[in-house]
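Student: I am new to this structure and would like to go through it step by step. May we begin once it is shown?

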Amino acid sequence: MFVNSVWKYATQKMILRRKAQGRDGPVVIWVDEFQQFVNSHDSHFLAQCRSHRGCMVMLTQSIHSIMGAMRGENARSLALSLIGNAGHKVFHSCDADTARYASELLGREERTKISGNLQPAEDAWEEMFGTPKISTSFSNQWEAVLEPNVFMTLRTGGPQNGYQADAIVIKNGEPFPGGGNWRFCTFDQRS
């Protein structure tokens with residue numbers, strides 16, 4: 001782990017010193033079980049790497065994995081800062097806290113709710129031939145774009161799901177083509 005951590009840090013420093021030109025390809029740091037290799041330089045790197053044509057793919061099980069790896073009383077803030085600097089976040093089926101975090105990233109939107117009530121008829125004649133008395137109401141409410149339970153119930157792949165693993169991709173900044181900063185997608189584990 002020590003050698004991998006040093007290698008990651010050295011690669012980050014190399015990318016940030018790089019003067020990437022128009023045809024230079026990207027340099028990608030791919031880190032599985034990221035919580036084992038996280039350090040205080042990672043947030044700084046993520047904030048600057050795009051202008052040097054660099055990126056880092058961080059794979060971890062949950063938001064708590066990263067928080068648990070951070071040290072000190074500011075561990076939660078450091079972890080959220082680090083995750084916040086990630087340009088794209090891909091959420092597969094996850095625990096309740098990670099699902100709440102993902103839902104909060106998308107924010108809330110105003111939705112119109114319609115409700116109605118059918119009032120009972122006063123007698124048999126009105127029941128058969130009368131005009132029904134219906135009352136309706138409309139109200140605007142702010143609700144989560146995606147509720148946390150959506151993130152917790154995604155398909156997890158394997159033979160029981162036809163080797164299909166669902167995910168929700170959230171993008172910082174500019175929206176995806178067609179609008180919105182999130183997309184539902186499915187990954188085929190066999191390809």
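Tutor: A residue counts as buried when its relative accessible area is under 20%. Please keep in mind that this is a predicted model.

Student: What is the radius of gyration of the chain, beside that of a compact globule of 191 residues?

Tutor: The C-alpha atoms fill a box of roughly 85 × 40 × 35 Å along the principal axes. A compact globule of 191 residues would have a radius of gyration near 16 Å. For the chain, the value is 24 Å.

Student: How many helices and strands does the chain have?

Tutor: Read from the N terminus, the elements run α-β-α-β-α-α-β-α-β-α-β-α-β-β. The chain therefore has, by DSSP runs, 7 helices and 7 strands.

Student: How many residues does the largest nonpolar core have?

Tutor: In soluble globular proteins, nonpolar side chains tend to be buried together. Here, Phe34, Phe45 and Met56 are among the residues with the most contacts inside the largest nonpolar core. Elements that give two or more residues to this core include α1 (2-17), β1 (27-31) and β6 (164-171). The core has 31 residues.

Student: Which residues is Ile66 in contact with, leaving aside its neighbours within four places in sequence?

Tutor: Ile66 is itself one of the residues with the most contacts inside the largest nonpolar core. Beyond its neighbours within four places in sequence, Ile66 is in contact with Phe34, Gln35, Thr60, Ala79, Leu82 and Ile83.

Definitions and conventions. Residues are numbered from 1 along each chain as its sequence is written. This is a predicted model: local features need pLDDT of at least 70, side-chain atom pairs count only at pLDDT 80 or more; totals for chains, interfaces and linings use all residues. Side-chain values use heavy atoms; hydrogens and water are left out. A nonpolar core is a set of buried Ala, Val, Leu, Ile, Met, Phe, Trp, Tyr and Cys residues joined through side-chain atoms within 4.5 Å. Buried means under 20% relative accessible area, exposed over 50%, partly exposed in between (1.4 Å probe, protein chains only). Helices (H or I, at least four residues) and strands (E, at least two) are DSSP runs, numbered from the N terminus. Contact means heavy atoms within 4.5 Å. The radius of gyration is taken over C-alpha atoms; the globule rule is 2.2 Å times the number of residues to the power 0.38.
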